[in-house]
Amino acid sequence: MLKKSFLGLSNLRIEYELLAVKVPVPEKVMASKTVTLFHPINGNPNPTPAYQTGDRVKTGQKLALFADEPAYVIASVTGTISSISPYTGDFGKMYRAITIAIDDSEELDNPFDNQAASLEKAIDHLSFLPGNPPFSTLAEPETKIHTIVIAGVDTDLLIGTNQYIVSSALDDIKKGIAILKDISGVDRIVLVTAGESMQGYGHIGAEVKGLDTGYPSALPQLIMKDVLGEVVPAGQNCEDLGVCFISAEAVASIGKAFVDGRIPVHKILTLVTKDGTQQLIETTIGTPIRDIFEKYNVTVNEEDRVILGGPMRGSAVYSLDHPVLPDTDGIVILDRTDAAYASDYPCINCGDCVRACPARIQVHMLVRFLEAGQFEEAADNYDLLSCIECGLCSFVCVSRIPIYQYIKLAKYELDRAKASQETEATEAMEATDA
Ligand code: SF4
Ligand code: SF4
């Protein structure tokens with residue numbers, strides 16, 4: 001989390017940064033020796049992998065590590081698998097980290113079958129695209145999606161990935177929109193762009209709406225309210241109201257995949273260095289952060305903070321070997337003197353968090369229950385589930401309480417408890433039926 005001084009702000013009107021009129025060209029930064037891909041594990045934590053170290057893979061090859069699970073990754077380079085090891089992500093989510101040593105020459109896997117687009121084909125081959133398209137939401141039978149919102153703006157500050165894609169890849173987006181309509185059966189597609197950049201997007205097959213440029217207007221719940229005129233009730237999400245969000249990068253990648261017959265494996269992201277300089281980068285999915293820092297002579301000292309995502313909502317990572325993921329839109333490095341470290345100070349009831357909160361939550365009360373691990377009480381009595389996860393409360397907190405992180409943990413734990421109760425109820429019903 002940033003201190004206020006990093007952005008030079010004197011009040012809480014924080015503006016998203018708009019891309020310059022002259023669209024910058026991203027610099028290419030390719031992985032030097034290896035890439036690492038995080039393959040999710042959803043079921044059995046110790047399944048037997050279908051691939052081993054020493055196996056050769058080609059660029060664009062689908063690597064489904066476990067025969068009995070649908071999860072997969074797409075090889076972003078040609079090379080040899082040098083290791084497959086367990087990796088635990090945020091909140092204990094399990095992965096296998098597949099590291100591939102890059103060959104000198106590239107071989108492309110068989111072309112992706114770009115004829116006769118279908119949702120099944122997209123789920124089977126395009127789920128690892130840059131931007132992480134939410135195909136499973138579109139395929140969920142209980143979720144009746146009637147509107148797809150394309151985010152042509154980035155949700156966090158200082159990040160320009162999706163603005164860049166909208167400015168530079170309109171033909172791919174147009175093709176992606178046509179394919180999305182075709183495979184999902186959803187007719188209403190809305191492209192949201194930064195307020196001042198609505199010109200020139202006619203005939204792309206979507207309604208185009210402008211957004212206010214004040215943070216956090218690009219978060220889905222606020223787009224629902226301000227652009228679509230619908231309020232997402234506490235405890236529900238946009239999908240519950242029939243609206244699916246997808247990034248502009250994901251839509252452009254879908255269009256490109258079907259036009260080229262190749263699965264895109266390069267990601268656009270924004271690097272924000274210690275002095276606040278922003279650099280748009282195109283890199284291979286799986287590239288270690290270290291390679292990007294080396295290219296820009298970024299030195300990382302003890303207690304500096306490296307954040308994947310943006311400064312308000314991103315997550316700190318603790319190894320420079322951490323790879324760029326399909327949804328890594330930004331990498332921010334903060335000098336230790338700019339990073340606000342969590343402290344042991346108690347809440348002093350200043351009320352800054354309450355004034356900052358766009359969801360009008362009594363955050364100073366909520367935080368007491370979160371600190372005590374009383375998540376259900378926090379949800380029942382202090383509006384935990386109304387939180388839209390903007391991070392403003394943590395940003396303003398003089399006691400440096402990591403409120404945003406507490407909120408994310410609490411929501412995760414409540415979801416986990418709910419899922420486990422549902423599984424137990426289903427098993428009990430099945431036992432009764434038998
Ligand atoms: S993150 Fe904090 S400020 Fe933002 S909506 Fe949630 S409680 Fe309010
Ligand atoms: S900003 Fe921090 S110290 Fe102030 S009331 Fe909120 S939680 Fe307490």
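1. Helix α4. In this predicted model, the buried residues of α4 are Thr161, Asn162, Gln163, Tyr164, Ile165 and Val166. Helix α4 spans residues 161–168, and since 6 of its 8 residues are buried, it is largely enclosed by the rest of the structure.

2. Just after α10, Gly373 adopts a positive phi of about 75°.

3. Arg368. This residue belongs to helix α10, which comprises residues 363–371. With a relative accessibility of 33%, Arg368 counts as partly exposed. The side chain of Arg368 reaches the backbone oxygen of His364 at 2.4 Å. Not counting residues up to four places away in sequence, Arg368 touches Cys347 and Asn349. Both Cys347 and Asn349 also belong to the surroundings of ligand 2.

4. Ligand 2. The residues surrounding ligand 2 are Cys347, Ile348, Asn349, Cys350, Gly351, Cys353, His364, Cys397, Ser399 and Ile403. This shell divides into 6 nonpolar and 4 polar residues, with no charged residue.

5. Ligand 1. The surroundings of ligand 1 consist of Cys357, Pro358, Ile361, Val363, Cys387, Ile388, Glu389, Cys390, Gly391, Cys393 and Ile407. By class, the shell contains 9 nonpolar residues, 1 polar and 1 charged.

6. Glu389. Phi of Glu389 is near 60°, a positive value in a residue other than glycine. Glu389 counts as buried because its relative accessible area is 18%, and buried means under 20%.

7. Other backbone features. Most residues other than glycine have a negative phi, and most peptide bonds are trans. Asn297, which is not a glycine, has a positive phi of about 55°. Asn297 lies in the loop between α8 (289–295) and β14 (305–308), and is exposed, with a relative accessible area of 67%. A cis peptide bond, with omega of about 5°, joins Tyr215 and Pro216. Pro216 is placed in the loop between β10 and α6 (220–226).

8. Glu282. The side chain of Glu282 does make a polar contact with the side chain of His266, at 3.2 Å. Leaving aside neighbours within four places in sequence, the contacts of Glu282 are Pro26, Glu27, Lys28, Val29, Met30, His266, Lys267 and Ile268. Strand β13 covers residues 278–284.

9. Salt bridges between separate elements. The count for the model comes to 18 salt bridges. One of them pairs Arg188 with Glu207, the closest N and O atoms being 2.8 Å apart. This pair links distant parts of the chain, 19 residues apart: Arg188 is in strand β9 (residues 188–194) and Glu207 in strand β10 (residues 207–211). Arg188 is partly exposed at 33% relative accessibility, and Glu207 is partly exposed at 31%. Another bridge joins Lys274 to Asp335, with the closest N and O atoms 3.9 Å apart. Lys274 lies in the loop between β12 (266–272) and β13, and Asp335 in the loop between β16 (330–334) and α9 (352–356), so the pair ties together parts that are 61 residues apart in sequence. Asp335 is partly exposed, with a relative accessible area of 21%.

10. The side chains of Asp352 and Arg355 meet in a salt bridge at 2.7 Å, N to O. Both residues lie in helix α9, 3 residues apart, about one turn of the helix. An α-helix has 3.6 residues a turn, so residues three or four places apart point the same way. Asp352 counts as partly exposed at 24% relative accessibility, whereas Arg355 counts as exposed at 59%. Elsewhere, Arg56, Lys58, Asp103 and Glu107 are linked in a network of salt bridges.

Definitions and conventions. Residues numbered from 1 in each chain as written. Chains lettered and ligands numbered in written order. Predicted model: local features only at pLDDT ≥ 70, side-chain atom pairs only at ≥ 80, totals over all residues. Heavy atoms only, no water. Near = heavy atom within 4 Å. Nonpolar A, V, L, I, M, F, W, Y, C, P; charged D, E, K, R; others polar. Helix = DSSP H or I, 4+ residues; strand = E, 2+ residues; numbered from the N terminus. Polar contact = N/O pair within 3.5 Å; in protein donor to acceptor, adjacent residues only side chain to side chain. Contact = heavy atoms within 4.5 Å. Buried < 20%, exposed > 50% of the residue type's maximum accessible area, 1.4 Å probe, protein only. Salt bridge = Lys/Arg side-chain N within 4 Å of Asp/Glu carboxyl O.
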